[in-house]
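Have the model open in your viewer and the sequence panel beside it. We will go from stop to stop, selecting as we go.

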Amino acid sequence: MVAEGIFGMGLWSSYCSTADVLRLLAGYDLSGVGDSDQVQTRVQELMAAARCALEHEAGRDFLYHADDEVVVDGKGRDRLILAASGIYPVVRIQELRVGGEVVPADEYVTFGEEGTIRLKEEGKLLGAFPRGVMNVHLTVDWGYVTAPADIALAQAKLVAAEVLAEGTGTQGAVSSLRIGDYAVSYDEGGENAGTVLRWASEARKAARSYRRIGLVAV
């Protein structure tokens, strides 16, 4: 039985490889999809949409962003929390300007994994970013050169879940599968329905672990 309402459209790129998906599917009868070449083609067709589903759930992408120009509001505090806008991990701050003036690199500390910049009290700003609208400008490198392993596996699981549901038909007993919503409906006793549900649930959990309070999609 073919899954319904699978993915939205997206960019044709991937965090995992076709081989990652095929390893998960090894040993399953996928004759409902076709021969090995047809299975591989179907996997490739689903890659970009699976990536989009993960990014939607995480509220961010997992690419590397070099020379990114970021403009934020000063809050009168000693720190900027870039992770609240989905900008993390921070690899390098190339330049930090407040009110048009460059803040020397020795006057702040960057906490990369937290996506936070903290001012030192002895600097020209006296340890606080002045309140203002879009008054803090940064040129920053952030993100991942290689996608995190759990995200690569999550994408592979989403694609594998869809292919398994399509390939096993009534054997899988999956009546509907909406990967974008991570919703799977199946009949009790389905031989592979539990695997489909587990893969989708695990992928969702992995993506959601990257969300931050106040996070917005980037």
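This is a predicted model: local features need pLDDT of at least 70, side-chain atom pairs count only at pLDDT 80 or more; totals for chains, interfaces and linings use all residues.

Residues are numbered from 1 along each chain as its sequence is written, and side-chain values use heavy atoms, leaving out hydrogens and water.

Now widen the selection to β3 (residues 90–98) and β7 (residues 132–143), antiparallel strands joined by seven bridges. Strands here are DSSP E runs of at least two residues and helices H or I runs of at least four, numbered from the N terminus; two strands pair if DSSP finds at least two bridges between them. The open, antiparallel sheet has four strands, ordered β1-β7-β3-β4. At its edges lie β1 (64–74) and β4 (101–102), each pairing on one side only.

Next, select Tyr28 and Trp199. Their rings form an edge-to-face pair, 6.2 Å centre to centre with 75 degrees between the planes (ring centres of Phe, Tyr or Trp, the last by its six-membered ring, within 6.5 Å; planes under 30 degrees apart are stacked, over 60 edge-to-face, the rest tilted). Tyr28 is in the loop between α1 and α2, and Trp199 is in helix α4, 171 residues apart.

Then pick Phe62 and Tyr144, a tilted pair at 6.0 Å and 40 degrees. Ring pairs link Tyr15, Phe62, Tyr144 and Tyr210 into a cluster.
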